[in-house]
Amino acid sequence: MYDKAANALEKVRLRATTPPTAVVSMLPLGGSLPAAIGDTRKRKRHGHLIPPDGETGVHATAELDVTLAGGGEMGARMRAINWADTPLGPVARWPQALKTCVRIMLTSRQPMWLGWGDELTYLYNDAYRSIAGGKHPAALGQPTSVVWREIWDDIGPRIASTMVGDEGTYDEALLLLMERHGYTEETYYTFSYSPIPDDDGHVRGLFCANTDDTRRIVNERQIGLLRELAAGTTEARSIEDACRLSARSLEANTRDLPFALIYLLDPDRGRLVLAGRSSIDAGHPAALAERAIDDAPWPLGNVVSSNIPSVFDDI
């Protein structure tokens with residue numbers, strides 16, 4: 001199964017980057033174009049697809065109206081696309097399973113996306129816009145591997161497994177380091193991948209329902225740190241003890257506090273004395289045992305004089 005998944009993943013990568021091919025047919029001298037080719041030419045008018053014989057414009061419009069009806073902003077964006085010029089082709093010719101999944105997705109308030117075809121062309125609903133973040137709206141219609149290139153190592157094997165098997169995948173509160181706004185974000189999602197078959201029963205796409213667990217995970221972690229801080233300082237018998245034990249407790253959550261320094265002010269000498277540190281080595285240039293109030297990188301004069309917290313950027 002692993003080899004199959006790896007091969008499928010590589011195929012997804014190659015298909016997303018392989019240029020389109022052309023089919024050339026030889027015609028007898030003086031001969032006429034085959035009917036199918038002639039029909040294809042007739043179907044193009046002013047850059048829009050005209051339905052072939054037996055498929056009226058009314059029928060094609062009805063298919064579009066039913067499949068892409070509603071859906072708020074994303075429904076409107078999808079209706080505005082000439083899908084005949086995309087790998088998915090005209091809506092009237094989409095497999096029934098794809099049409100059904102698109103309808104479910106557009107009408108749902110649950111964040112959802114689906115990928116279809118060789119490139120897993122990316123479609124998503126209004127509720128998913130907050131997850132797409134800065135990738136919206138450019139992500140619509142792009143290959144999935146392009147949309148989520150920064151987390152492809154995490155989701156690619158899961159996608160490959162879904163595309164080659166008869167079962168989907170499920171992950172709960174999975175850590176994904178996304179880049180949606182120009183920087184790396186710590187995010188957590190519960191989601192499943194389900195295979196979507198075409199009309200012949202072959203898996204040609206996948207459907208994904210998402211739940212954003214980031215706020216819950218981070219809040220639980222921070223509340224746990226507060227509990228640890230309260231419990232870890234109960235034995236303190238002096239200010240120095242409280243500082244030392246507090247610093248030790250802060251080491252329990254390096255995701256939110258990569259390091260911490262606790263200084264006490266010596267009012268007689270006007271100096272700051274290090275009373276506790278966590279997740280930073282003794283003697284580090286930023287963790288001097290004693291320092292002047294306004295020494296870099298922590299000019300704390302305003303904090304000492306005003307008793308108001310300060311934020312330091314670009315440290």
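**Close-up 1. Cysteines in a predicted model with zero disulfides.** The structure holds zero disulfides, and the model shown in this and the following views is a predicted one.

**Close-up 2. The largest nonpolar core and the surroundings of Leu114.** This core has 42 residues, and those with the most contacts inside it are Met78, Val102, Leu114 and Leu123. Helix H5, which spans residues 96-107, supplies the largest share of this core, namely five residues. When residues up to four places away in sequence are left out of the count, Leu114 touches Leu98, Cys101, Val102 and Met105, together with Thr121, Tyr122 and Leu123, and also Ile196, Leu206 and Phe207.

**Close-up 3. The salt bridge between Arg221 and Asp256.** The structure holds 16 salt bridges, and in one of them the side chains of Arg221 and Asp256 meet at 3.0 Å, taken from N to O. Arg221 lies in helix H9 (residues 214-232), whereas Asp256 lies in the loop between helix H10 (239-250) and strand E8 (260-266), so the pair ties together parts that are 35 residues apart in sequence. With a relative accessibility of 17%, Arg221 counts as buried, while Asp256, at 25% relative accessibility, counts as partly exposed.

Close-up 4. Side chains of opposite charge can pair when their charged atoms come close. In this view, the side chains of Asp266 and Arg269 meet in a salt bridge at 2.9 Å, N to O, and Arg269 counts as partly exposed, its relative accessibility being 47%. A further salt bridge joins the side chains of Glu290 and Arg271, at 3.3 Å from N to O. Because Glu290 lies in strand E10 (residues 290-292) and Arg271 in strand E9 (residues 271-278), this pair ties together parts that are 19 residues apart in sequence. Glu290 is partly exposed, with a relative accessible area of 33%, and Arg271 also counts as partly exposed, at 28% relative accessibility.

**Close-up 5. A network of charged side chains.** Salt bridges link Glu73, Arg77, Asp126 and Arg129 in a network.

Key: Residues are numbered from 1 along each chain as its sequence is written. This is a predicted model: local features need pLDDT of at least 70, side-chain atom pairs count only at pLDDT 80 or more; totals for chains, interfaces and linings use all residues. Side-chain values use heavy atoms; hydrogens and water are left out. A nonpolar core is a set of buried Ala, Val, Leu, Ile, Met, Phe, Trp, Tyr and Cys residues joined through side-chain atoms within 4.5 Å. Buried means under 20% relative accessible area, exposed over 50%, partly exposed in between (1.4 Å probe, protein chains only). Helices (H or I, at least four residues) and strands (E, at least two) are DSSP runs, numbered from the N terminus. Contact means heavy atoms within 4.5 Å. A disulfide is a pair of cysteine sulfur atoms within 2.5 Å. A salt bridge is a side-chain nitrogen of Lys or Arg within 4 Å of a carboxyl oxygen of Asp or Glu.
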